[in-house]
Amino acid sequence: MEDNVVFQTYALGKAYKKFKALDAVDMTVYEGDIYGFVGENGAGKTTLIRLACGLIHPSSGDYSIFGVSSRQDGIIEARRKTAAIVEAVALCRSLNALENLKLHAKLVGVIKSDEELNEILNNVGLDAKAIEKKKVGNFSLGMRQRLGIAIALLSNPKFVILDEPMNGLDPQGFIDVRETILRLNKQGVTFLISSHILSELDKICTRVGFLSHGQLVKEISFDELHQIARKKISLRIKDADNVAILLKDHFNLKEIKIDGDFITIYDTLDVNELLKYIFSKGLNIESITSNEETIEDFYQQLIKGGAR
Ligand code: ATP
């Protein structure tokens, strides 16, 4: 196994009676990743996270954290370097952020000074001084979510698992949580984050795993994901081979495919410019279509394809 693997599953499965909530999942989270784990409601996201946290046990397969199998004794030590927010963190509404953090530090046996705790708050974008007098009961959902992350950070984890951290957030809360994740990631924290909405994660993830009906249908990198969201122009024209050469030279096209009478161009080229040029050359087009496959389209197709 490579050294830089933080979390890995090997044909991991979880069945509830005969129902396979998770079915032979092979996934790998590398050091430095913000791994987005996307799937529709009931896809098995929480099941995988609960397995990773040791809250439930696999029915089949296995997983490792920092290279230690869930069946080895060392898993307890490996879990110490891991923190997870599976459900909403229990917060005391009548206390302020620092007092809540202190309470949780006591609960998990972490000793930290007020200064250190305030530093954690600042690190998740909660201005410790400015919110000193504010009770958590008056926090927005985004603030509570970031306080939850602050609590998860008490043990200085290297790997943080978040189950649907963007759920129910307003646009500002969403931006704040996203920035917090990016900031911590820059400081060396690896993330595994689930969501049922791909667009929540596609801007921050280094990699995305698509889960559908308990199966990991695809695992792709950020770059691959953004390649998908490119514009595609297809045209049907006689003498496609020669026309393609003309277009390639004139528009300096990087990717152009020819299939019989069809030319497919992958570029952000303006369709009107293309048409103008073709007509200026006295060529006749039989048909032209232009579409931008969004990441969401891709996701929907994957989910359909992956459905049992
Ligand atoms: P959501 O986004 O709705 O939380 P999810 O992707 O997190 O969905 P899971 O909670 O992992 O999905 O559930 C996967 C499937 O397993 C669902 O069909 C769910 O009903 C089922 N399931 C989960 N826990 C149990 C359980 N304890 N007993 C029986 N079935 C369960």
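This is a predicted model: local features need pLDDT of at least 70, side-chain atom pairs count only at pLDDT 80 or more; totals for chains, interfaces and linings use all residues.

**Around the ligand**

Now look at single atoms. Which residues place a polar atom by an oxygen atom of the ligand? Asparagine 41 does, with a polar side-chain atom 3.2 Å from a ligand oxygen. Glycine 42 uses its backbone instead, and a polar atom there is 2.7 Å from an oxygen atom of the ligand. Threonine 46 brings a polar side-chain atom to 2.6 Å from a ligand oxygen. How much of the ligand does the protein cover? On its own, the ligand has 630 Å² of accessible area, and the protein covers 57% of that.

**The whole protein**

Step back. The protein has 11 helices and 15 strands. Its C-alpha trace spans about 80 × 50 × 35 Å along the principal axes. The radius of gyration is 24 Å, while a compact globule of 308 residues would have one near 19 Å. Of the 308 residues, 45% are buried. The protein exposes about 15,800 Å², and carbon and sulfur atoms supply 49% of that area.

Contacts also tell us how the chain comes together. Take the contacts between residues at least 6 apart in sequence. Among these, 68% join residues at least 24 apart.

Begin with asparagine 96. Its place is in the loop between β7 (82-85) and α3 (97-108). Is asparagine 96 buried or exposed? Its relative accessible area is 12%, so asparagine 96 counts as buried, the limit being under 20%. A polar atom of the asparagine 96 side chain lies 2.7 Å from the backbone nitrogen of glutamate 99. Now set aside neighbours within four places in sequence. Asparagine 96 is then in contact with Ile131, Glu132, Lys134, Lys135 and Val136.

Next comes asparagine 167. This residue sits in the loop between β8 (159-163) and α6 (171-186). Its relative accessible area is 39%, so asparagine 167 is partly exposed. Not counting residues up to four places away in sequence, asparagine 167 touches Leu141 and His196. Look at that second partner again. Histidine 196 is 29 residues away from asparagine 167 along the chain, and their C-alpha atoms are separated by 9.0 Å.

Finish with alanine 240. You will find alanine 240 in helix α9, which covers residues 240-251. Alanine 240 is buried because its relative accessible area is 4%. Which residues does alanine 240 contact, leaving aside neighbours within four places in sequence? They are Ile258, Gly260, Asp261, Phe262 and Ile263. Now trace a line from alanine 240 to glutamine 172. The two are 68 residues apart in sequence, and their C-alpha atoms are 50 Å apart in space.

Note on methods. Residues are numbered from 1 along each chain as its sequence is written. Side-chain values use heavy atoms; hydrogens and water are left out. A polar contact is a pair of N or O atoms within 3.5 Å; within protein, one must be able to donate a hydrogen and the other to accept it, and residues adjacent in sequence count only if both atoms are side-chain atoms. Accessible areas come from the Shrake-Rupley method with a 1.4 Å probe; for residues, only the protein chains shown count as cover. Helices (H or I, at least four residues) and strands (E, at least two) are DSSP runs, numbered from the N terminus. The radius of gyration is taken over C-alpha atoms; the globule rule is 2.2 Å times the number of residues to the power 0.38. Buried means under 20% relative accessible area, exposed over 50%, partly exposed in between (1.4 Å probe, protein chains only). Contact means heavy atoms within 4.5 Å.
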